[in-house]
Protein chains: 2
Amino acid sequence: MTSLAPTSLAGKLAGFADHWNPRVVADYNDHEVRVAKLEGAFIWHSHAETDELFLVLKGAMRIEFRDGIAELGEGDLLVVPKGVEHRPVADAECHILLIDRAGEPNTVGQPSHLTRQALERA
Amino acid sequence: MTSLAPTSLAGKLAGFADHWNPRVVADYNDHEVRVAKLEGAFIWHSHAETDELFLVLKGAMRIEFRDGIAELGEGDLLVVPKGVEHRPVADAECHILLIDRAGEPNTVGQPSHLTRQALERA
């Protein structure tokens, strides 16, 4: 039988507790589908060669840009275009789905203590 | 200011009622993020050159394969790999998020009355 079992996003999120450490849950056309828990402020960064897709699954967050802020609640989606500097912030814990190019580090170009180079699979 | 307004998936879904007619709600790295309402059975088809991502936002659906069935509830995600024949079915109305390569018809290779070649934007 084709091995095509659905992935429960809530189930994957229940499997870890740390913040700002995305887990890869599926592969899609040279991209990785990831889930993450956010709380607090991330760092300013941009992805030179890939758009980044955010979908809020639980809670709320904002994405700060150099010239504005996007507020995202549950079920809100935003694609940050490649090259655009942004800083994700969550005042309280927020669960998101992310899509990035396969292998893309979470803080590409701006290494910090929050950098995760090789993401775990959940 | 950077034009980066979040997209409410529920808001987009509230804007139309027809089934099996995906709307494009965002662009992501040469792909289209789409939302759709499903009810009943679609046709058997495959996408030779693109994976297809399904995420159930509301309700439940199943994806039939030639050798098995995947049952998806709310918050369940499944990537159908390129080339794999599948048939989406929803016994009651189901709302989903889909990602396909930009311009990919919904029934590529198997044209039918359900084919949507140029998708509307919502």
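Author: Two residues are in contact here if their C-beta atoms, placed from the backbone, lie within 7 Å. With that in hand, let's look at this predicted model.

Reader: Happy to start there! Do the copies meet through the same surface or through different ones, and why?

Author: Let's compare the interface residues of the two chains. Of those in chain A, 100% are also interface residues in chain B. The copies therefore meet through the same surface.

Reader: Which element gives the most to the side of chain A that touches chain B?

Author: In all, 30 residues of chain A are in contact with 30 residues of chain B. The elements of chain A that give two or more residues to this side are S1 (7-8), H1, S2, S6 (68-72) and S7 (76-80). By class, the side has 19 nonpolar, seven polar and four charged residues. The element that gives the most, with five residues, is S7(A).

Reader: And what is the bridge partner of Ser8(A) in S7(B)?

Author: S1(A) and S7(B), residues 76-80 of chain B, run antiparallel and are joined by two bridges. The partner of Ser8(A) in S7(B) is Asp76(B).

Reader: How many residues does the largest nonpolar core have?

Author: The residues with the most contacts inside this core are Phe54(A), Ile96(A), Phe54(B) and Ile96(B). Leaving aside neighbours within four places in sequence, Phe54(B) is in contact with several residues, among them Ile63(B), Leu72(B), Val80(B) and Ile96(B). As for the core itself, the number of residues is 54.

Reader: Let's step back to the fold of one chain. What pattern does chain A follow along the sequence?

Author: The secondary structure of chain A comes to one helix and eight strands. Read along the sequence, the pattern is β-α-β-β-β-β-β-β-β.

Reader: Why can chain A be called as compact as a globular protein of its length, and what is its radius of gyration?

Author: For 122 residues the globule rule gives 14 Å. The value for chain A is close to that, so chain A is as compact as a globular protein of that length. The radius of gyration is 14 Å.

Reader: Is Trp20(A) buried or exposed?

Author: Trp20(A) is found in the loop between H1 (9-13) and S2 (23-28) of chain A, and has a positive phi of about 60 degrees although it is not a glycine. Most residues other than glycine have a negative phi. A residue needs 20 or more other C-beta atoms within 10 Å to count as buried. Trp20(A) has 20 such neighbours, so the class is buried.

Reader: Where does Asn29(A) lie?

Author: Asn29(A) is another residue other than glycine with a positive phi, near 45 degrees. With 21 other C-beta atoms within 10 Å, Asn29(A) is buried. The residue lies in the chain A loop between S2 and S3 (31-41).

Technical notes. Residues are numbered from 1 along each chain as its sequence is written. Chains are lettered from A and ligands numbered from 1 in the order in which they are written. This is a predicted model: local features need pLDDT of at least 70, side-chain atom pairs count only at pLDDT 80 or more; totals for chains, interfaces and linings use all residues. Helices (H or I, at least four residues) and strands (E, at least two) are DSSP runs, numbered from the N terminus. A residue is buried if 20 or more other C-beta atoms lie within 10 Å of its own, exposed if 12 or fewer, and partly exposed in between; C-beta atoms are placed from the backbone. Ala, Val, Leu, Ile, Met, Phe, Trp, Tyr, Cys and Pro count as nonpolar, Asp, Glu, Lys and Arg as charged, and the others, Gly among them, as polar. Two strands pair if DSSP finds at least two bridges between them. A nonpolar core is a set of buried Ala, Val, Leu, Ile, Met, Phe, Trp, Tyr and Cys residues joined through C-beta atoms within 7 Å. The radius of gyration is taken over C-alpha atoms; the globule rule is 2.2 Å times the number of residues to the power 0.38.
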